[in-house]
Amino acid sequence: MDHHNESSDHNRAQFSEMTEGTAEDWQAIAGEFLPYASKVADRVLEHLKLLDGDFGGFPIDRLSHCLQTATRAHRDGRDEQYVVMALLHDIGDTLGSFNHPDVAAAIIKPFVSEENHWICQNHGVFQGYYYFHYLGMDRNVRDQFKDHKYYDACAEFCEKYDQAAFDADYESEPLEFFEPMVRRVMARPLQSLYAAAIDDAPAAA
Ligand SMILES: [Fe+2]
Ligand SMILES: [Fe+2]
């Protein structure tokens with residue numbers, strides 16, 4: 001066992017059930033939390049790369065679609081938080097094959113506005129306007145939200161950026177272009193169940 005492992009063992013909680021936990025245990029855990037949480041943007045970016053080369057029958061692969069959606073939003077003057085939402089909106093295709101918008105929405109939820117979260121969460125329903133009728137479904141299923149305050153914003157996201165981002169000839173920015181944006185947006189949660197503990201941590205983030 002090398003010195004590094006001895007050091008991490010020493011800093012681990014000693015309980016076998018949380019009912020046995022002590023303040024010292026939780027200081028050890030809390031001390032590990034922020035360094036790990038601060039790397040969430042890197043883990044998300046690594047996961048996004050899993051979409052590379054995955055076409056699923058579409059004209060371009062899923063990573064290219066994400067880059068094109070984000071590039072179109074960026075070039076249309078959208079702010080950084082919106083662009084990051086656009087970049088990540090389909091990241092859930094890997095683990096959420098039957099509910100991919102939920103996965104992306106959960107990942108970005110602590111870091112974005114209620115409106116941007118809603119757009120991400122519901123983009124699947126609104127995107128259906130462009131193809132559900134070809135699959136025997138109701139293209140107007142989005143109408144269930146027609147009185148919602150974010151209906152227009154979500155419809156606009158799909159019309160201008162998401163449904164438009166399958167052009168094999170479009171020159172998108174590379175992932176590296178967006179990486180600093182993802183790191184900035186995900187640097188600190190706007191809301192989180194753990195916000196109080198995070199705010200108490202000295203020299204956090
Ligand atoms: Fe999607
Ligand atoms: Fe999409």
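## Two crossing helices in a predicted model

Helix 5 (residues 80-88) and helix 9 (residues 175-185) have axes that come within 9 Å and cross at roughly 110 degrees. That makes helix 5 roughly perpendicular to helix 9, a term for angles of 65 to 115 degrees. Axes are lines fitted to C-alpha atoms over the stretch in contact, with angles from 0 to 180 degrees between N-to-C directions. Helices are DSSP runs (H or I) of at least four residues, and strands (E) of at least two, numbered from the N terminus.

This is a predicted model, where local features need pLDDT of at least 70, side-chain atom pairs count only at pLDDT 80 or more, and totals for chains, interfaces and linings use all residues. Residues are numbered from 1 along each chain as its sequence is written, while chains are lettered from A and ligands numbered from 1 in the order in which they are written.

Which residues meet where helix 5 and helix 9 are in contact? Contact means C-beta atoms, placed from the backbone, within 7 Å.

| Helix | Residues that meet the other helix |
|---|---|
| Helix 5 | Glu 80, Gln 81, Val 83, Val 84, Leu 87 |
| Helix 9 | Phe 178, Met 181, Val 182, Arg 184, Val 185 |

Now the whole chain. The protein chain has ten helices and zero strands. Its C-alpha atoms fill a box of roughly 60 × 35 × 30 Å along the principal axes. Of the contacts with a separation of 6 or more, 54% join residues 24 or more positions apart.

Mean pLDDT (the predictor's confidence in each residue, from 0 to 100) is 92 for the protein chain. Residues 1-7 stay under 50, with one contact beyond four places in sequence.

Note on methods: Parallel < 35°, antiparallel > 145°, perpendicular 65-115°, else oblique. Contact = placed C-beta atoms within 7 Å.
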